[in-house]
Amino acid sequence: MYKKFFISILFVVFIISTSQVLIAYSLSNNNVWNNVFPNIILDKHKQISKNIKQPKILIVSGSNSFFGINTELMSKELNYVIINHGSAVGLSLDYILNESKNCINNNDIVILPIEYAIYCEDRLSETRIVQIWQNDKQYFDRMLFIDKIELLYSIPIDLIKKVVGTYIGIPIKNEDKLAYVAINKHGDTIYNLETEKNLIKIKEPFDKNKIYLDENTKQTIIDFLNYCRAKNVKVFVTYPSYYYNQNYFDGYNLEQINKINDFWKEQNVTILGQYTDFIYTDKNDFYNTEYHLNIKGREKRTEKLIELLRPYINNN
């Protein structure tokens, strides 16, 4: 009796799960979620890069670069075309690096100011799910079958409801602030960012409950480096901007920084500067998160990057 009941429960769960996956698949890539961040920025980056014929520098990471680097100023100071390809941490490292390949040409230079959080990939974040499910059929089609099922099954019901709503005339609203969608010809946000102090909190850069730079993450980076080397693309790595209560890390945080540094050295990738160069203790340098600089903070960081990069550009 109990065995039959248990089997019945499993059957019902299987039917419900299968139905959810099939419904999610039927609603995929319907172009109803394409005019929002980060997809709108990714599309603009492609358009900007498409029109550049000479070798360029791409700055690739999550949104710490998008908000925190003035590539227009860097281009003028270094006499080199530099494009801000910062997007969103929630896309995960594998997607961000893969997306950048659409903009990388032979003999380009890539700089990776990767956020600390992104060294531990979350491949089921809502940002990544929406981007792949609704906006990137090519990427979805290349995924392994089991990864497709996992992604489709992980789509929250409220997201499915929003897409279904578009069929009955309820559009998905773009609630992004202007800072997230308005950019210049170099890919920098052009919004004059004011500090939202209530949103900026002191957070530890690394979570002790997570594993950073696991084998999958390492392989993701190595595959990208091999792709770049095949195109004669020089890769540099540097550090993200970060708000903290002191100008250095210690304990577990420092252990992770050393682990990250050792990995890049093993890959023969030049590291620009020290992590301490990009820790800021003044909340007034930030916009709305511990990674997002405002205009004031952005100029400080940009000047430091110019200083660190100039010797390599002059010798390139």
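These legends describe close-up views of a predicted model.

View 1. Strands of a sheet pair through backbone hydrogen bonds, in a parallel or an antiparallel sense.

**View 2. Strand 4 pairs with strand 3 and with strand 6.** Strand 3 (residues 109–112) and strand 4 are linked by 4 bridges, in the parallel sense. Here isoleucine 111 stands opposite phenylalanine 236 of strand 4. Strand 4 (residues 234–237) is also joined to strand 6, by 2 bridges. These two strands run parallel as well. Phenylalanine 236 faces threonine 270 of strand 6. Valine 237 has isoleucine 271 of strand 6 as its bridge partner.

**View 3. Helix 5 packs against helix 10.** Helix 5 spans residues 93–100, and helix 10 spans residues 215–230. Their axes lie 10 Å apart, at an angle of about 5°. Angles under 35 degrees count as roughly parallel, so helix 5 is roughly parallel to helix 10. Helix 5 makes the contact with Leu93, Asp94, Leu97 and Ser100. Helix 10 contributes Thr217, Thr220, Ile221 and Phe224. What classes of residue make up this contact of helix 5 with helix 10? There are 4 nonpolar, 3 polar and 1 charged.

**View 4. The largest pocket is lined by 27 residues.** The space in the largest pocket is about 560 Å³. Which residues of the lining lie nearest the centre of the pocket? They are Val89, Gly90, Ala117, Glu290 and Tyr291. By class, the lining of this pocket divides into 13 nonpolar, 6 polar and 8 charged residues. Rolling a probe the size of a water molecule over the atoms shows where empty space is left.

Key:
Residues are numbered from 1 along each chain as its sequence is written. This is a predicted model: local features need pLDDT of at least 70, side-chain atom pairs count only at pLDDT 80 or more; totals for chains, interfaces and linings use all residues. Side-chain values use heavy atoms; hydrogens and water are left out. Axes are lines fitted to C-alpha atoms, for helices over the stretch in contact, and angles run from 0 to 180 degrees between N-to-C directions. Angles under 35 degrees count as roughly parallel, over 145 as roughly antiparallel, 65 to 115 as roughly perpendicular and the rest as oblique. Contact means heavy atoms within 4.5 Å. Ala, Val, Leu, Ile, Met, Phe, Trp, Tyr, Cys and Pro count as nonpolar, Asp, Glu, Lys and Arg as charged, and the others, Gly among them, as polar. Two strands pair if DSSP finds at least two bridges between them. On a 1 Å grid over the protein atoms alone, a cavity is a set of points where a 1.4 Å probe fits but cannot get out, and a pocket is an open set with protein on both sides within 12 Å along at least five of seven lines; lining residues have an atom within 4 Å of a point. Grid points are joined across faces, edges and corners, and a volume is the space filled by probe spheres set on the points.
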